Amino acid sequence: MSKRHLLALYGDFDQAEAVVKELRNTKITGFDVNDDMIVKSPIEHPEVEKFLGEKPVYVQWFTLIGAVIGGSLGFLGISSAQANFFMQMKGGKPIVPLPANFVLTYELFILGGVYITVLGFLICSGLPAKRSPLYNAKVSVDNIGILVKAEEAAVAVLKAIFAKHQAIEIQEEAGK
Amino acid sequence: MSVTNLLDNWAEVRHFHPIDDKPHDPYKWAMSIDLDACIGCNACAVACYAENNLPVVGREKFQHGQVMHWMRIERYWNEDDREFPDQGAEFLPMMCQQCEAAPCETVCPVGATNHTQDGLNSQIYNRCIGSRYCSANCPYKVRYFNWYDYPTTDNVWPAEMNYQLNPDVTVRGKGVMEKCTFCVQRLRAAEVTAKGEGRIVREGEVQTACQQSCPTNAISFGNLVDPESRVYKQWKAQQVDLAKDEQEKDKQEGGSDLRGYRILEDLRTYPSVMYLERVRESAV
Amino acid sequence: MKDIREDIAWAKINQDVMKSLENPRPMYWVILFFAALVLAVGIGCEVYQYRTGMGVANLDNPHVWGLYIGTFIFWIGMSHSGTLLSAILHLMHADWRKPIYRFAEAMTTFSLMTAGLFVLMHLGRLWQFYYAVPYPNERWAWPNFQSPLIWDAMAMFTYLSSSVLFLFIGMIPDIAIARDNMHSGWRKKLYTLLALGWEGTDRQWRNFRMTYLTVACFLIPLAVSVHSIVASDFAVSQQPGWHVTSFPPYFVAGALYSGCAAIITLFIILRYVFKFEDYMTLPILKKVVRLTFAIAMVWTYLNCVEFASVWYSHDAASKGVLIQKMTGAYAPFWWAMIFCGSIVPLIFAVKRFQTNIPVIFATSLLMNLGMWLERWMIVSPTFSHGYYPWTWDHDQWPSMIQWGIVFGSFGWFTLLFMVFCKMFPSVSMYEVKEMVYHRSLHLKQNGTPVEQTVEQGVH
C-alpha cells in the first residue's frame, strides 16, 4: 500500500479553512483527516489551530519538571559540595549558608527550566526533522500549504477538492 | 553513612563559625599594640619586609600606590593650637586585623581566604585568582595585590639579594593577593614543636617579626585563650571581649577610662588586634 | 501615525530583510572596519597587561577596582533591555516590539559576552580562572558559593545561555526563510542546518508558541535577578557607598535605562545601514523614546531616594562618600553623570524631538555616556573615601592600557553585533507579517482607523 503526498497552496487563511472543513466532512477512503493532513503557514496563527481542532501541547510539563529538577539538584549539589571535601570556614558564617545557596538555587531553577523547555520543544515538535517530501518555498513567504498523504485511490478526490477552492498551486509527488 | 551521622554533620555545618561555636581551642592568636609606646620608628615594617619576603617596589611604583607594606605606620597630625603641627604627630601601626568574621573571606570567589582553627585569616596564594574582591571589601584596606611579577622585576631582589630571602616563606608571583599572616610560618613551627612534646605553645615561645623588632615593646602577641599570656592579660585588663561588637565598658555613661579599643569594631568584623589609646601629649 | 504600513506585501518583507543579509549600505563596512580597529587596540592592551601584570592598568592597593568593573556593569546593564523588549513586551502583547526585538535580543547576547570578557580580563591570574568554575577536581576544593562573584558567574551563565536559546528559538522560522531564499553556498548550508527542518507545520507552530511563552516567562525574573546579583556585589559588601539596600532595584532601573538608550542608538544605525525604513518606523522609535524617557525618570527618582536616604542617615562614612562624589576629585564625572542621565532625557518631553532622528541619536549617545559614568561613579569613589582614613585622597587615574581595553570592548561588541545582523535576519520577518496581518484584519473587520486600536494596545 503505497501512499502519495499532495501539497496545495492557498493565498489566505479563509480558503485554507474552507478546504480543511470540506476534507473533514467528506469521507474519503484511504485518507484520514487527523493523521494524514498537515497545515503549513508562514506565521504563527491561532486561527489555524482553531479550525484544526484543539490539540494538546505538552511543552509546559517539560518546563515544570526541568525547573524542579534544576532547582533541587542545584541546592543539593551546592550544599553537599560545601559540606564535603575541603570545608571552607568563613568567619561568622555557617559552612552551608542558606541565603547564599538560595540565590544559586534560584538561578539553577531557571537554568533547568529553560534548558528542559527547549529540549521539550524539540521533542514535541519533532525537530530537527527530515524535510517532508513535498515542500514549496512559498510557504515561508505568504502561502498556506496543506500537505496530505493518501492512497492512490483518494488522490483524485483530494485534487478535486483542492482545485474547487482555487488552490494557487497543487504539487504532486511522483508516483512510485 | 547513617542518617544520624548525616544529621550530625548537618548540625555541624550549620554552626556559625567561629563566633557561635566552641571557642578556639587550644589557640587563638591575637595581638595588642600600645600606641603610647609606639614611636613610629618603622622597625616593625622593616622587619616584616625581611621576614615575609616583601618586594621593595621602588619609587615609581610607590608613587602609583602599588606598595606592598603588610605592616604600615600611619601618621596623623593633631594640629590643634600647636606651634608646630609635627609635634602633634600620632602613629598607628596597621596590619591585617585577622578578623573573626572577616568581610574578605565570604566574598572570595574561589575560597582562597579562609578562617583557620587557630583564629587566623589565612590566604592561600596558590588558590588566589586575583579578583581583588577581598581587598575591595576590607574595611581596613590591609590587603596588598601583586600588581607585577616582582621576583622577575629588576631591582626588587637583585641577584645577590636572593640569599637574603626567608626560605620559610614563598615568593609570590604576579596576580595574587597577600597580607599580614601574623608570621604564620613561625606559628606553625612552634605549634608543631609543641605538639611533638605533648603540650601547647607557651607564652613567649613564639614572636612575630614586628613584635621582635619593636624597640619600645609596644606590640605584644600571643595566645588569647591561654590565661598566662600577656595578650590575654591585657585584653582582660582593658575589658575588651573578642566576640562583642560593642564592649560593655563603652556602654557606660561617659564611656570608660580604659585605653583598649579595636578599630571599626561596630562593623562586626571582630578584629583580633587591640590598640591601646595614646595618652601622652606629644610624639617626640 | 501607524507603526507599520498594512499594505506591505509579505513577499516584499522577505525580500527586504533578505537584502540586509546581502548588500547593506557602504556605511556597514566602515563601521565594521573601525570596530575591528578598536578591537585590535583592545587586544593589544590586554596582551600587554596579561604579560606584564595588572599594574599596567594603574590600579593601586586600596584602589583595586576601576574602569573594568564599572564597564562590566555597563555591559551587563545594556543586556537587560533586549529582554524587556522580547519578553516583557511579548507578555504584554505590545505589537510594536515585533520589528525591533530581534536586534535587541542580539544586543543582549553580545553585551553579555562582552561583560563576560571583563570578568576574565580583570582577574590577576586569568590563566587560572577555572578555579571559580564548580567542577569536580583533584584538588577537592570547590569555589566559594558564598561569594557574590560566583552568583554573578552563575547568573551570567544562565542568562547568556537562556538568551542565546531564546534568540535562536525565536529565529528558527526566519532561518527557514533564509534557507529557502539564499543562493546555494556555505550560508545556505548553515541556514539549512540551523533551521532544523522547520516547515511551519501546525504542530511546530503550536509547540513553538508555548515554548516561546514559557521561556519568556523565565527570562523576566532571570533578567531582574541577574542585575540584582550584580548589585549584590556591592550591596553585600560593607563599604560605604555600596552597602545600600536600594541597590538592586536601582541597578535594574539603570540597566533598563542604558539598555533602552543603546537600543535607540542601534535602532538608528540599523535603520540606516540596512535600509529598514519601512519596518523600523518613526512611530516605533517614538514609542521606544517615550519608554526610555519614563525609565530615565524612574532612574532619577531612585537616585534621589538613594541620596536622600544617605543624607538623612547617621552613617557618617556613607555621607562622606556622597560628599566626596559631589565635591572631590570625581566631581566633574559625577555631575556629568547627573547631567547626561537626568537632564538630557528631558529633551524627550518635547514632542517635536520624539521623532527627530539626529536629536534622538545624539541624546541616546549622551545617555549611554551618562550611564557608563554612573557605573564608574558607583565603583571608584568608594575606594578613595572608604571607612579607613588611610584610603582617603588616594585618587587614581586609569592608565591608557585600562582605557584601551575599555574602548576595545566597544569594538568587540560592535563587531559581533554587526556581523550577526548581516548573518541573520535582524528584523523578525514572520512576526512583522503577523503584525501586518493583524492590522489588515482590523481594517477589514471594523473599518475604523487602525491607529486608535493599536495605540490603545500600547498604553
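Two strands are taken to pair if DSSP finds at least two bridges between them, and helices (H or I, at least four residues) and strands (E, at least two) are themselves DSSP runs, numbered from the N terminus. The model is a predicted one, in which local features need pLDDT of at least 70 and side-chain atom pairs count only at pLDDT 80 or more, whereas totals for chains, interfaces and linings use all residues. Residues are numbered from 1 along each chain as its sequence is written, while chains are lettered from A and ligands numbered from 1 in the order in which they are written.

Chain B contains 9 helices and 10 strands. Its C-alpha atoms occupy a box of roughly 75 × 55 × 40 Å along the principal axes. The radius of gyration, taken over C-alpha atoms, can be set against a globule rule of 2.2 Å times the number of residues to the power 0.38; for 284 residues a compact globule would come near 19 Å, and the 20 Å of chain B agrees with this. A residue is called buried if 20 or more other C-beta atoms lie within 10 Å of its own, exposed if 12 or fewer, and partly exposed in between, with C-beta atoms placed from the backbone; by this count 44% of the 284 residues of chain B are buried. Two residues are in contact if their C-beta atoms, placed from the backbone, lie within 7 Å, and among the contacts in chain B with a separation of 6 or more, 62% link residues 24 or more positions apart.

Within this chain, 4 strands make up an open sheet of mixed pairing, in the order β8-β1-β10-β9. The edges are held by β8 (219–223) and β9 of chain B, each of which has a single partner strand, so one side of each lacks a neighbour in the sheet. Strands of a sheet pair through backbone hydrogen bonds, either parallel or antiparallel. Going through the order, β1(B) and β8(B) run antiparallel and are joined by 5 bridges, with W29(B) opposite N223(B) in β8(B).

Helix α8 (residues 230–237) of chain B lies across β1, β8 and β10 of chain B, and runs at about 105 degrees to β8(B); axes are lines fitted to C-alpha atoms, for helices over the stretch in contact, and angles run from 0 to 180 degrees between N-to-C directions.

Turning to the contacts between chains, the one between chains B and C takes 37 residues from chain B and 36 residues from chain C. Helix α6 (residues 148–181) of chain C gives the most to the side of chain C that touches chain B, with 3 residues.

Between chains A and C, 52 residues of chain A are in contact with 47 residues of chain C, and α4(A) supplies the largest share of the chain A side, 14 residues. The axes of α3(A) and helix α8 (residues 202–235) of chain C come within 9 Å and cross at roughly 30 degrees; since angles under 35 degrees count as roughly parallel, over 145 as roughly antiparallel, 65 to 115 as roughly perpendicular and the rest as oblique, these two helices are therefore roughly parallel to each other. Where they meet, V59(A), Q60(A) and T63(A) in α3(A) contact N207(C), M210(C), T211(C) and T214(C) in α8(C).
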